[in-house]
Amino acid sequence: METKVFEVKMKSGIRRTPEFEKKGLAGYAVNVGLRCGHGCEYCSTGASVRTHEWFRRKPIKEQKITSFTRGIAVIDPNIAEKVSHDAKRRRKRGLVEVCTTTDAWSPEARKHDLGRKILKAILEQPGWNVRVLTKSAHVVNDFDVISQYRDRVQVGISLTATPDKSDVCGIIEPNASSIPERMEAIREANKQGLRTYGMLCPLLPSIGNSPDQINEMVKFVVDCGAEELFAESVNPRGSGLKNTQEALAAHGYKAEAVAVKEIRKTANWSIYTRQLIADLQQSVREHFDIGKLRILLYPSNLAPEDEKSIRENDEGVVWLG
């Protein structure tokens, strides 16, 4: 599906992000727009930006575009200027995540070189640190900028599965870099002496959640010098799971489609999440440091018995909501 790109004027560049501060990710956020062109079928961003005024504009409504419309990207080509302004103006400074809901290295963002411009705008000002989060191996092209401020930047490239599932991931993450490409980018970051962290998210059933896959991914990020490890089950908000199921089924991945369909039922999502947490904890205890594990968990969809089980052994769990 070809991505249709729209432009939006974001009101600010660097924003406070209390929710991501609770997650332990960052106190501030930069986002390059409202929707990202990586086109991940499971994306839950639509649910978080659905009330944005851009989607209520007459030309957008006339095209029947909503925050959940597939095949669109909504970007601010001038966001780096706003980031530069805020980076200079804000007196209280801290850790900024680039990005939290969109990706500064997605195809439409790369056309404007936004990742690089944003990094420079923030890091040229003292007192700011950056946490990079992307699904794009193209971030390696900006390692020269990061290396100039290597003590102030952590590089994270999200992994959703192991290389043997690359074909499947290519269906549900159509415009993101392949899993092998992302892994090579993390290796390169470590090779260049850059700070790294692990992000395993989302680990979908029959795609990235088996104990063997978890072990492989945990050992990989540890070998690449990860300072900490974040992980998460798939967010069930919005239409992401339905979209994922349909995309998998349409391309002949029937078993994976059935597994995703099952966790659209709240009770099954709860069981899947409980088991995923247990498997992550076991792997991290064996291969890393449980004190550096951050499993991000919204408990509202957990069954009482599953929440009770998790709370009885919640090492590494960050309770949210």
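Colleague: Are K165 and E256 buried or exposed?

Modeller: Both K165 and E256 are buried. Buried means under 20% relative accessible area, exposed over 50%, and partly exposed in between (1.4 Å probe, protein chains only). Keep in mind that this is a predicted model: local features need pLDDT of at least 70, side-chain atom pairs count only at pLDDT 80 or more, and totals for chains, interfaces and linings use all residues. Residues are numbered from 1 along each chain as its sequence is written, and side-chain values use heavy atoms, with hydrogens and water left out.

Colleague: What joins the side chains of K165 and E256?

Modeller: Side chains of opposite charge can pair when their charged atoms come close. A salt bridge is a side-chain nitrogen of Lys or Arg within 4 Å of a carboxyl oxygen of Asp or Glu. K165 and E256 form one, at 3.1 Å, N to O. K165 lies in the loop between β8 (153-157) and α8 (166-172), and E256 in helix α12 (residues 254-262), so the pair ties together parts that are 91 residues apart in sequence. Helices (H or I, at least four residues) and strands (E, at least two) are DSSP runs, numbered from the N terminus.

Colleague: How many salt bridges does a search of the whole structure find?

Modeller: The search finds 21. Among them, R89 meets D86 at 3.6 Å, N to O. These two are three residues apart in helix α4 (residues 79-89), so about one helical turn separates them. D86 is buried, with a relative accessible area of 5%.

Colleague: Which residues are linked in a network of salt bridges?

Modeller: E41, R70, K242 and E246 are linked that way.
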